[in-house]
Amino acid sequence: MYCIKKVTDDLVWVGANDRRLALFEGVYSVPTGVSYNSYLLTDEKTVLFDTVDKAVRQRFLENVETTLKGRKLDYLVVQHVEPDHSAVIPELIRQHPEIKIVCSARVLKFIKQFYDFDIDSRVHLVEENDTLNTGKHTLHFVMAPMVHWPEVMMTYDSTAKILFSADAFGCFGALNGALFADEVDFAKDYMDEARRYYSNIVGKYGTQVESVLDKASTLDIEMICPLHGFVWRSNLNEIVSKYMLWSKYEPEERGVMIAYASVYGNTENAAEILACRLRDKGIKTVIFDVSVTPASEIVSAAFKWSHLVFASTTYNAGIFVTMEALLNDLAAHNIQNRRVAIIENGSWAPTSGGLIREILGKCERINILEKNVSILSGLKPKQLSDIESMAQAIGADFPAPAAVNQNNQTAPNTVDPNTMFKLSYGLFVLTARDGSKDNGCIINTVMQITVTPVKITIGVNKANYTHDMILKTGKFNVSVLSESAPFSVFQQFGFKSGKDTDKFADSEEVSRTKNGVRYLSKWTNGVISGEVKESIDCGTHTLFIAEVNQAFSLSSDASVTYQYYFDNIKPKPQPPKGNKKGFVCKICGYVHEGDTLPDDFVCPLCKHGAGDFERLA
Ligand code: FEO
């Protein structure tokens with residue numbers, strides 16, 4: 001039976017999941033399975049983007065036929081010839097001999113190497129920037145060599161603003177009924193697998209990934225459809241920002257990954273003690289036994305953490321086998337830009353430290369601590385100082401915040417408004433109803449103050465129409481925004497005035513709590529209804545103290561914080577073209593061009609004042 005998912009009105013996912021695969025590419029464990037994605041566009045012409053692995057050929061062929069509904073298949077775009085995406089091409093051609101294969105010359109060469117069918121009579125060769133019109137849609141072809149093989153090509157549909165990204169932005173793991181990354185808690189449940197996929201599959205080719213990211217930055221992309229894992233239709237920056245770090249071999253987290261190889265537990269013991277001394281200094285640590293944890297997970301962790309420690313016993317006058325394999329794997333995946341420390345062990349001739357240094361010394365921008373800790377069989381009390389010295393040397397890269405002396409001499413005697421951004425605000429849609437008028441705005445000031453009864457406070461700007469409605473009716477709802485919320489929600493509720501706009505005009509869903517006030521059932525994880533008991537005039541804002549009379553959860557997604565919004569949701573401001581001078585709004589990214597910014601300037605988008613603008617570099 002077919003199993004398909006709608007991507008857009010005329011694009012369907014016709015791929016399939018495989019949970020029986022023991023090792024992806026014969027080497028990478030996939031305990032949660034893997035998806036092979038293929039997409040079928042039903043425009044005036046029908047266009048299939050890649051096929052799937054032979055393990056799921058039957059489901060895929062059913063999916064294609066169901067979606068075609070008896071139409072012929074006009075084009076197959078082949079972006080990548082690795083057999084997990086091309087294995088079913090010969091069979092597809094037997095079923096659809098009319099098909100034209102759209103591919104690059106390199107793809108053509110690889111298809112001929114892998115398969116024996118007549119391709120010359122049906123090939124439609126494309127090069128960089130070539131286009132193909134299929135009716136409503138125009139496809140643009142973008143070469144992406146070495147992401148992951150040399151023939152890889154991506155396709156940009158400029159009509160739907162979709163990037164078919166081949167292996168890029170993929171992820172291990174079956175889709176489990178979802179298709180879009182915003183349907184799952186990607187950061188919590190899938191980011192580690194996305195990193196493991198990236199680091200092991202394309203980690204070696206950071207320069208080539210950077211070059212594709214540069215090309216992609218010139219395109220207006222609203223959706224990314226990769227060959228494995230989830231489709232991205234919102235908050236694209238969540239994955240793109242990771243690729244920008246990974247491709248430059250920049251660590252994601254400051255902290256220490258310790259990988260050890262230990263035969264009888266003595267090297268492990270040294271690794272554990274080092275981790276304790278690092279934690280004592282407030283430094284994050286993770287530890288892996290390289291004989292137990294699959295190498296692909298440790299490679300992935302090495303791409304994540306800023307500092308790496310390798311501890312290995314000496315074995316056959318060399319590095320212990322599993323550690324040697326891991327180090328060669330790391331070097332093969334081009335690990336670079338890391339600070340490294342080494343612990344060696346050996347009962348009669350410890351040599352592993354020097355050999356580890358030799359392997360990692362060949363990698364770029366690897367800075368190895370000069371002194372190894374060297375153990376003869378087991379760590380002795382007098383050597384605890386060696387471990388402490390290593391912890392201190394690593395700790396020197398993690399400076400503690402500058403202490404403020406008793407006379408407050410180092411604390412600037414200013415009120416820096418940026419300091420307010422350090423507060424861990426959440427972000428919320430505050431809604432109210434007055435008669436038949438519904439309205440809402442974005443606020444960041446909701447706080448629970450008592451448990452019995454449950455009371456909260458909200459701070460609301462008097463300039464907001466919602467403020468006046470709450471003052472009049474005494475009723476409101478707080479919809480707690482989750483990390484899945486796209487920028488459009490903030491634009492809708494934060495950058496417009498309810499006085500002249502119906503903020504719910506485009507909303508199909510009408511969800512109300514028992515107080516009759518609307519709430520957002522999408523992009524949120526909880527709703528709280530409040531009844532105002534007291535209000536305090538705070539100048540520009542009113543602080544409402546309210547009793548909660550209804551509250552319920554909508555999802556387990558993480559709540560969005562102010563910091564998360566700035567890092568992952570708010571588009572990065574683009575400087576005005578032609579090197580013009582100007583000021584950018586730190587809240588919404590609006591750019592005011594000119595040499596000066598009047599003190600009373602108000603952002604036309606988000607209504608924040610001149611204090612929230614900064615000069616463009
Ligand atoms: Fe999923 Fe490089 O193939």
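## Exercises on a predicted model

**Exercise 1. Find which residues of α11 are buried, and what they pack against.**

Solution. Step one is the cut-off: buried means under 20% relative accessible area, exposed over 50%, and partly exposed in between (1.4 Å probe, protein chains only). By this rule M323, L326, L327 and L330 are the buried residues of α11. They cover an arc of only 95° around the axis, which puts them on the same side of α11. The arc is that of the directions from the helix axis to the C-beta atoms. An α-helix has 3.6 residues a turn, so residues three or four places apart point the same way.

Step two uses contact, meaning heavy atoms within 4.5 Å. The partners of the buried residues of α11 are β17 (253-261), α10 (295-304), β19 (305-315), β20 (318-319) and α12 (352-361).

**Exercise 2. One of these partners is α10. Work out how far α10 is enclosed.**

Solution. List the buried residues of α10: S296, I298, V299, S300, A301, A302, F303 and K304. Eight of the 10 residues are buried, so α10 is largely enclosed by the rest of the structure.

**Exercise 3. Describe how helix α8 packs against helix α16.**

Solution. Take the geometry of α8 (residues 237-247) and α16 (residues 562-569): the angle is about 70° and the axes are 9 Å apart. That makes α8 roughly perpendicular to α16. Next, name the contact residues: N237, E238 and S241 of α8, with Y564, D567 and N568 of α16. Then sort them: one is nonpolar, three are polar and two are charged.

The terms used are as follows. Axes are lines fitted to C-alpha atoms, for helices over the stretch in contact, and angles run from 0 to 180 degrees between N-to-C directions. Angles under 35 degrees count as roughly parallel, over 145 as roughly antiparallel, 65 to 115 as roughly perpendicular and the rest as oblique. Ala, Val, Leu, Ile, Met, Phe, Trp, Tyr, Cys and Pro count as nonpolar, Asp, Glu, Lys and Arg as charged, and the others, Gly among them, as polar.

Helix α16 is also a partner of the buried residues of α15, together with β24 (428-434), β25 (437-443) and β28 (475-481). Those buried residues of α15 (residues 487-494) are F487, V489, F490, Q492 and F493.

**Exercise 4. Examine the backbone angles of N334, N337, S377 and the bond between T452 and P453.**

Solution. Begin with the background: most residues other than glycine have a negative phi, and most peptide bonds are trans.

- N334 follows α11 and has a positive phi, near 70°.
- N337 has a positive phi near 60° and lies in the loop between α11 and β21 (338-345). At 22% relative accessibility, N337 is partly exposed.
- S377 has a positive phi near 70° and lies in the loop between β23 (373-375) and α13 (384-395). At 32% relative accessibility, S377 is partly exposed.
- T452 and P453 are joined by a cis peptide bond, with omega about -10°. P453 lies in the loop between β26 (446-450) and β27 (455-461).

**Exercise 5. Is V107 buried or exposed, and is G282 buried or exposed?**

Solution. V107, in helix α4 (residues 105-114), is buried, with a relative accessible area of 0%. Leaving aside its neighbours within four places in sequence, V107 is in contact with V78, Q79, V81 and E151. G282, in the loop between α9 (266-280) and β18 (285-289), is exposed at 65%. G282 and A396 are 114 residues apart in sequence and 12 Å apart in space, C-alpha to C-alpha.

**Exercise 6. Summarise the chain: how many helices and strands are there?**

Solution. The chain has 16 helices and 33 strands. Of its 617 residues, 52% are buried.

Conventions
Residues are numbered from 1 along each chain as its sequence is written. This is a predicted model: local features need pLDDT of at least 70, side-chain atom pairs count only at pLDDT 80 or more; totals for chains, interfaces and linings use all residues. Side-chain values use heavy atoms; hydrogens and water are left out. Helices (H or I, at least four residues) and strands (E, at least two) are DSSP runs, numbered from the N terminus.
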